[in-house]
Amino acid sequence: MGLRGKLVAQVEVKCAGELFHDHFNSKPHHSPNISDKINHFEVNEGELGNVGTLVEWRFNYDGEERVAKQVIDHIDEEKKRITFKFIDGFFMELYKTFSTTLDAEENWITWTFEYEKQNEDIPEPLILLGIGIDLIKDIDSHHHNK
């Protein structure tokens, strides 16, 4: 079994993809008010919407609150793509490298997780992928039901 992996999940949404791109690009601080999957979000350094901005997420993972610190690694306004690179927190104890990319295309949202595990005993990040999928569904429901 390899140490490097890639997980991809697509979710069909009712709202337009631009809404999700905008949410994660400039309004992720609204996530705790929209979804019970996210406990807290804050900008540690920089400004939302800019590459290099350091953000912190707190969420429940397998029954415990976890912290993930990420840097906004890439933003493509035309393709509606944002990549976050994990740099500190719980997941850096498990993975040597870990990045998440959100692609918003029409009514399809795609999460792509690319990672390298610290060792072969580390599980695939399926729980985190489930949290990401649930967050997309919660955002979609929140905006579609307005």
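Student: What should I know before I start?
Tutor: Residues count from 1 along each chain as its sequence is written, and side-chain values use heavy atoms, with hydrogens and water left out. As the model is predicted, local features need pLDDT of at least 70 and side-chain atom pairs pLDDT 80 or more, while totals for chains, interfaces and linings use all residues.

Student: What is the strand order in the open sheet?
Tutor: Strands are DSSP runs of E, at least two residues, numbered from the N terminus, and two of them pair if DSSP finds at least two bridges between them. Here 7 strands run in the order E1-E7-E6-E5-E4-E3-E2, with antiparallel pairing. The edges are E1 (4-12) and E2 (38-45), each pairing on one side only.

Student: How many bridges join E3 and E4?
Tutor: Strand E3 (residues 54-61) and strand E4 (residues 64-76) share 8 bridges in the antiparallel sense.

Student: How do I read a ring pair?
Tutor: You describe it by the distance of the centres and the angle of the planes. Rings of Phe, Tyr and Trp (its six-membered ring) pair with centres within 6.5 Å; planes under 30 degrees apart are stacked, over 60 edge-to-face, the rest tilted. The count here is 14 aromatic pairs. Phe90 and Phe91 are edge-to-face, because their centres are 5.1 Å apart and their planes at 75 degrees. Phe91 and Phe98, at 6.1 Å and 50 degrees, are therefore tilted.

Student: Is Phe91 buried or exposed?
Tutor: Buried means under 20% relative accessible area, exposed over 50%, partly exposed in between (1.4 Å probe, protein chains only). Phe91 is buried at 0%, and Phe90 counts as buried at 12%.

Definitions and conventions. Helix = DSSP H or I, 4+ residues; strand = E, 2+ residues; numbered from the N terminus.
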